Amino acid sequence: MLTPARTEDLHHAAESTAAGLPPLLVAAERVAATVSQGVHGRRRVGQGETFWQFRRYESGDSTQLIDWRQSAKSDRVFVRESEWEAAQSVWLWVDRSGSMDFRYDENLPPKGWRAKVLSMALTSLLVRAGERVSLMGSGMIPASGRRTFIRLVDMLERDALPGQAAGLPGPELVPRFGRVVLFGDFLEPLTATRDAIARFADHGVQGHLVQVLDPAEETLPFDGRIEFEGPEGEGRILIGRVENVRQAYREELAHHQTGLDAVVGTFSWTISRHSTHRPPEALLMALYLLLTEKPGR
């Protein structure tokens with residue numbers, strides 16, 4: 001049994017260790033740990049027939065998957081991955097454009113930070129369930145395991161995803177019947193969002209959007225004379241009495257979201273919405289269950 005002094009020593013050691021971890025890793029793990037108490041991991045199994053690609057052998061892979069002929073050509077070990085197996089992987093994308101830096105209340109996280117926490121908490125849950133995960137723009141083959149999770153967190157923490165900072169995802173090679181999850185505010189013109197989704201859907205890729213907004217963007221709670229500045233170089237606009245345009249603004253946002261729902265539905269994709277003043281756990285659990293639901297259910 002631990003003595004009080006020993007317990008206190010361990011507590012301080014744990015705090016010191018946590019203090020040295022990346023903030024995104026700590027935040028994502030905390031959210032994932034809460035959600036994991038209410039869900040059970042469901043490992044997907046199955047055997048594909050159509051070859052997709054060779055990938056590096058990862059810790060946890062069955063040795064039966066090793067392709068010895070391909071491995072003999074180099075000093076590395078490769079496994080043969082079928083299209084079916086690759087399609088079970090999940091590709092994540094996080095909007096890192098200027099609009100995601102917005103927060104009106106200093107007590108709330110920026111939209112971009114919450115999107116990163118949600119995406120990495122989801123990654124933590126998925127890899128625990130044996131799912132393979134990757135980040136768009138990382139060039140990384142989807143993989144599972146703790147090491148994969150930490151690598152992806154590090155990429156987002158360091159913003160080390162060149163060419164993926166735009167407000168919508170660019171072209172990305174995802175196998176037929178693969179799955180993507182896109183995190184962003186999706187305030188771009190609906191035609192641009194439609195084009196981005198179509199690039200995936202036309203190849204049989206399934207997807208889900210998570211729209212992350214600041215509560216001030218949803219309600220426009222300002223009064224009086226306010227100057228607004230676009231976060232991505234759109235310029236400035238001075239409004240004499242914001243309360244006079246509040247209702248019109250809310251109606252326009254509702255119209256945009258209705259249109260976004262229609263775009264997503266056109267391709268049989270799904271969408272969730274999250275406001276940064278709300279806890280992330282409820283949305284994360286629903287999203288995890290959606291992605292791990294077995295076919296036919």
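The structure is a predicted model, and its protein chain has 10 helices and 9 strands. Of the 297 residues in the protein chain, 43% are buried. When contacts between residues at least 6 apart in sequence are considered, 74% join residues at least 24 apart.

Helix H2, residues 23-36, has 14 residues and reaches 20 Å from its first C-alpha to its last, which is close to the 20 Å expected at 1.5 Å a residue. The buried residues of H2 are Leu24, Leu25, Ala27, Ala28, Glu29, Val31, Ala32 and Val35, and these pack against helices H5, H6 and H10. As background to such a list, an α-helix has 3.6 residues a turn, so residues three or four places apart point the same way.

| Helix packed against by H2 | Residues |
|---|---|
| H5 | 111-128 |
| H6 | 146-157 |
| H10 | 281-292 |

Two of these partners, H5 and H10, also pack on each other. Their axes come within 10 Å and cross at roughly 45 degrees; because this angle lies between 35 and 65 degrees, H5 and H10 are oblique to each other. The crossing of H5 and H10 is right-handed. On the H5 side the contact is made by Leu118, Ala121, Leu122, Leu125 and Leu126, while H10 contributes Leu283, Leu284, Leu287, Tyr288, Leu291 and Thr292. By class, the contact of H5 with H10 has 10 nonpolar residues, 1 polar residue and no charged residues.

Note on methods
Residues numbered from 1 in each chain as written. Predicted model: local features only at pLDDT ≥ 70, side-chain atom pairs only at ≥ 80, totals over all residues. Heavy atoms only, no water. Helix = DSSP H or I, 4+ residues; strand = E, 2+ residues; numbered from the N terminus. Expected span 1.5 Å × (residues − 1). Buried < 20%, exposed > 50% of the residue type's maximum accessible area, 1.4 Å probe, protein only. Contact = heavy atoms within 4.5 Å. Axes fitted to C-alpha atoms, helices over the stretch in contact; angles between N-to-C directions. Parallel < 35°, antiparallel > 145°, perpendicular 65-115°, else oblique. Left-handed = near helix turned anticlockwise from the far one by under 90°. Nonpolar A, V, L, I, M, F, W, Y, C, P; charged D, E, K, R; others polar.
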